[in-house]
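User: I'm new to this one. Walk me through it, please.

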Amino acid sequence: MEPYGYNGKILRVDLSSRVITEEAPPPVFYRRYLGGGALSLYYLLNELRPGVDPLGPENVLIFAASAVTGHPAVGFSRYTVAAKSPITGAFGESEAGGWWSPELKSAGFDAVVIKGKADKPVYLWIKNGKAEIRDASHVWGQMTREAQQAIRKELGDEKIRIALIGPGGERLVKYACILNELKHVHGRAGLGAVMGAKNLKAIAVRGEKKMALHAPEKVREIVKEVADIWKTKPSPLGELGTARTIMLLNAAGILPTRNFTTGVFEKAEAISGETMKDTILVGRGSCHGCPIRCKREVKVDEPYKVDPEYGGPEYETLGALGSLCGVGDLKAIAMANQLCGAYGLDTISTGTTIAFAMECFEKGILTTQDTGGIKLEFGNAEAMVAMVEKIGKREGFGDLLAEGVKIAAEKIGKDAGRYAMHVKGLPLPIHEPRGKVGLALAYATSPTGADHIEHPHDPVFETEAGVKLALPLGILEPLSALDLSSKKVRMFVYLQQLYNVFNSIGVCILSIRFLGGPTSITNIVDYTNAVTGWGTSLWELMKVGERHSAMARIFNLREGLSSKDDDLPERFFEPLDQGPLKGKKIDRQEFQKALGTYYGMMGWDKNGVPFESKLEELELEWAKPLIPKKD
Ligand code: SF4
């Protein structure tokens, strides 16, 4: 009998031999690995040899929906792309919403596992249980919008959903992204470059299958309950999007500004969600089945031409290309956002890398001779926009910045490394751990490098109201955002595993009550059961989260990473210079102690290596031989 909620089929594509096959893992596989990140890690650990070139044909690229995604439920639209990351050399995963994942499920598959490298540009076309590799020479080199239009026209169906790369991915920019519908982005980890290295421009999907649900009435009831909560209690997330965060963080003195040299930006209001709403916002976008509609759509006519088709800047983009570069020009940020979409670049890494170069320029480490005449000063909006384009083209100084802050700093030499804000090579997202210290653990322990969506940020749990949202996890008391005691580590451990569940089951964190959305943790468990009929529990799902952490850790150990890589840029151990949190810093000793406590709570030894007994408890016996032996 066909399973409820999912297809039970994984598509496998070898681009080198052009052989396409499918496999049908047993139901227990889906229950143990769910989908998304955890499912991807299973394949990567089993099928990717350690030490391979992330941009070589041997890398394995996975697109994974989950056993639960694909039905019109609030926030359940997400999927994962994963591979060995070219920017970190470690496990790379990145999630996006939109419509691609539900369409893949309707097309008859739960995930796509891609190996090899095509001998010329191709795209993959998946329709109603069948797949073919097609020539993409005519769209290679095209911007994402033009390529998407051309593929839709060629296949003769406007409803096709397409995940694709731009020229940035083709030119192997180390932080190239993958987009679907031009607005939903797998930004982090450089997975667009992995796709480019495989000569794979796009994956187009279309399907008409409606999957069987275990309890359709119950599914409808939960979907309605959650949607009704949103209707009666909408948060500013709908009205202002994630851009609402700019003013909140600036008031708290933790809006990363001028490459994290300060947390207060004098032009915050000019780049805020409120200003966007009053000026360039022309619409709000959404993802499959989600009434929240948090996505921005902006239009600018002068001095730049910005089209709403590319959406509009989210918080991270406003911060990265705005405050972090000292840029207070909203139209310039909207233009840079569009360029990132067109070339297929991660806006976070692009902004953090340009901000790094701006600080080097201000310190005299770089001059106009290095930058091709561009005055790369903080606040120079024109220079910021010009650099985005140069990175997308890998032209002039942009070719160096296309490598990311870590490699660029090594090549620049002098003192540049001091200003390279990254963890494990991944440029920092736009959140300041000195004002929410759980984030120090999130940045340091994330297997993919500095990541801000590993857990809800500490201020959520400073109040009884916030703690109420996490009661099912056994988080019972508020904790200060500046607390880094063992209580905070415990909270972090639980929430990090919960977020791994979100990233494996394909639910959007913005739809969760922690961040102002309408979906509770209990809703997720009930919904999973109504879709699949598994009779699962929060406890069982949390074990998937732990399994994800353990597998990612083993992946990175295999690639030569160690506890030494669980660190932060030195700047965070120095005090903030102004604002309400003036003088606050991460205490090095306290941080190291918290890290040790984290390892212990995860069932890892003092070097961050999972104990064999922990792997046995997680049913990962098969992964034990993959842990490198000590000399
Ligand atoms: S909350 Fe926003 S990003 Fe998340 S699913 Fe809804 S519209 Fe998409």
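User: Arg 206: buried or exposed?
Analyst: Arg 206 is buried, at a relative accessible area of 15%. Buried means under 20%, exposed over 50%, and partly exposed in between, with a 1.4 Å probe and protein chains only. This is a predicted model: local features need pLDDT of at least 70, side-chain atom pairs count only at pLDDT 80 or more, and totals for chains, interfaces and linings use all residues. Residues are numbered from 1 along each chain as its sequence is written, and side-chain values use heavy atoms, leaving out hydrogens and water.

User: Which residue does Arg 206 form a salt bridge with?
Analyst: Asp 157, with the closest N and O atoms 2.7 Å apart. Arg 206 sits in strand β12 (residues 200-206), and Asp 157 in the loop between α4 (144-155) and β9 (161-164). That links distant parts of the chain, 49 residues apart.

User: What counts as a salt bridge here?
Analyst: A side-chain nitrogen of Lys or Arg within 4 Å of a carboxyl oxygen of Asp or Glu. By this rule there are 54.

User: What does Glu 297 pair with?
Analyst: Lys 183, at 3.8 Å from N to O. Glu 297 is in strand β14 (residues 295-298), while Lys 183 is in the loop between β10 (178-180) and β11 (184-186). The two are 114 residues apart. Glu 297 is buried at 18% relative accessibility, and Lys 183 is partly exposed at 25%.

User: What else is Lys 183 in contact with?
Analyst: Leaving aside neighbours within four places in sequence, its contacts include Lys 295, Pro 308, Glu 309, Tyr 310 and Gly 311. Contact means heavy atoms within 4.5 Å.

User: New topic. Which residues are around the ligand?
Analyst: Gly 75, Ser 286, Cys 287, Cys 290, Ile 292, Arg 293, Cys 294, Cys 508 and Leu 510. Near means that a heavy atom of the residue lies within 4 Å. The shell divides into six nonpolar, two polar and one charged. Ala, Val, Leu, Ile, Met, Phe, Trp, Tyr, Cys and Pro count as nonpolar, Asp, Glu, Lys and Arg as charged, and the others, Gly among them, as polar.

User: Zoom out. How many helices and strands are there?
Analyst: The protein chain has 24 helices and 16 strands. These are DSSP runs numbered from the N terminus: helices are H or I, at least four residues, and strands are E, at least two.

User: How much of the chain is buried?
Analyst: Of its 631 residues, 64% count as buried. Among contacts between residues at least 6 apart in sequence, 68% join residues at least 24 apart. The C-alpha atoms fill a box of roughly 65 × 60 × 55 Å along the principal axes.

User: Last one. Where is Thr 352?
Analyst: In helix α13 (residues 347-362). Thr 352 is buried, with a relative accessible area of 0%. Not counting residues up to four places away, Thr 352 touches Asn 259, Ala 320, Leu 324, Val 405, Met 421, Pro 427, Leu 428 and Ile 430.
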